[in-house]
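Subject: Structure handover

Hello,

Here is the structure you will be taking over. Please open it alongside this note. What I found follows below.

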Amino acid sequence: MRRPPLHWGLAARGALVEEGGPEVYFAVADRDTAWTDLAPRLYRQATAAQWDPDTAVPWDAPFSLPDGIERAVVQVMTFLVENEQAALVVPGRLLAQVHPHFREVLQLLAVQAADEARHVEVFTRRALLRGGEMGTSSVGGRASLATLLREPDFSIASFLLSVLGEGSFLNLLAFLERYAPDPVTRRITHLVRQDEARHVAFGLGHLEHRSTVDPPLRGRLRAAVERRHEVLVHTAGLNTDVFDALVLLAAGSWSPTAIERGWRAVQRLRADMDEGRRHRLSRLGFTDDEAADLSQLHTRNFM
């Protein structure tokens, strides 16, 4: 059914529903607003791919890092925790909007929230693994994430979080796995990236479906990107401590030659993020020029 009646409330899909009873309102109660045909398959994949942080990550693996490299890892982990907490809150809020008639979407969002809770755990554990303190949190970074929390529309919130933000994080996690200086960091970034790929697939599948049945949606998506850019235009963007940490991780040492190599690697990361965003925007029906313009307007804080 495209739009279940309000009096169905929490009745199971397919049940013989007695007339009458209380009407229960859900903000997302239209199939085209909530649905993607990928939802049932992605839910099955997500439940089968759950992993236990205690057994999936080699927390006791022996390694020793120079102090500067360890501090760089801690700073990046601090940044990831902050972003994953936003990625935990948003699907939890979206989940409460969806009519349970579309149970596969509800279930998928619930597993997505569980994924993000696990990501917060493993990034926090790695940050504190060697007994140090967490890194820094910038005003610009928190301002960027706050805009995600304030977006009330289901599809636009999915677009900003999953297609643009988490899509960019796929490149960041691949970068961190490649340049990880220790086995724990390498393993957790690999595992988290697998989860995030499903989140991006769901957001993209939903928006591909909705933009097909509601072509004006693209204009609203464009406006959301432009609105967010205007809110953040005067912020500093990516935390300089995070940028320096990424450069150092890619460099592997403080030598001038290595630092130059690390700086180039971070520039390639940014270019890869831009290319990925433009590709996903093109899948949603934006022209190449539109996709390039919108990708450039995406927050410099990555998420």
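A residue counts as buried when its relative accessible area is under 20%. By that cut-off, Asp214 and Arg210 are both buried. Their side chains meet in a salt bridge, at 3.8 Å from N to O. Please keep in mind that this is a predicted model.

Salt bridges first. A search of the whole structure gives 20 of them. One joins the side chains of Arg198 and Asp115, at 3.1 Å from N to O. Arg198 sits in helix α8 (residues 183–213) and Asp115 in helix α5 (residues 103–127), so this pair ties together parts 83 residues apart in sequence. Arg198 is buried, at 10% relative accessible area. Asp115 is buried too, at 1%.

Another salt bridge links the side chains of Glu290 and Arg222, at 2.8 Å from N to O. Glu290 belongs to helix α12 (residues 288–297) and Arg222 to helix α9 (residues 217–232), so the pair ties together parts 68 residues apart in sequence. Glu290 is partly exposed, with a relative accessible area of 25%. Arg222 is partly exposed as well, at 26%. There is also a network: salt bridges with shared partners join Arg2, Arg3, Asp30 and Asp32.

Now the nonpolar core. The largest one has 82 residues. Leu80, Phe123, Phe159, Leu172, Phe175 and Leu246 touch the most other members. Helix α7 (residues 154–179) gives the most to this core, with 14 residues. What does Leu246 contact, leaving aside neighbours within four places in sequence? Its partners are Val76, Leu172, Phe175, Leu176, Val266, Leu269 and Phe302.

Best wishes

Conventions: Residues numbered from 1 in each chain as written. Predicted model: local features only at pLDDT ≥ 70, side-chain atom pairs only at ≥ 80, totals over all residues. Heavy atoms only, no water. Core = buried A, V, L, I, M, F, W, Y, C linked by side-chain atoms within 4.5 Å. Buried < 20%, exposed > 50% of the residue type's maximum accessible area, 1.4 Å probe, protein only. Helix = DSSP H or I, 4+ residues; strand = E, 2+ residues; numbered from the N terminus. Contact = heavy atoms within 4.5 Å. Salt bridge = Lys/Arg side-chain N within 4 Å of Asp/Glu carboxyl O.
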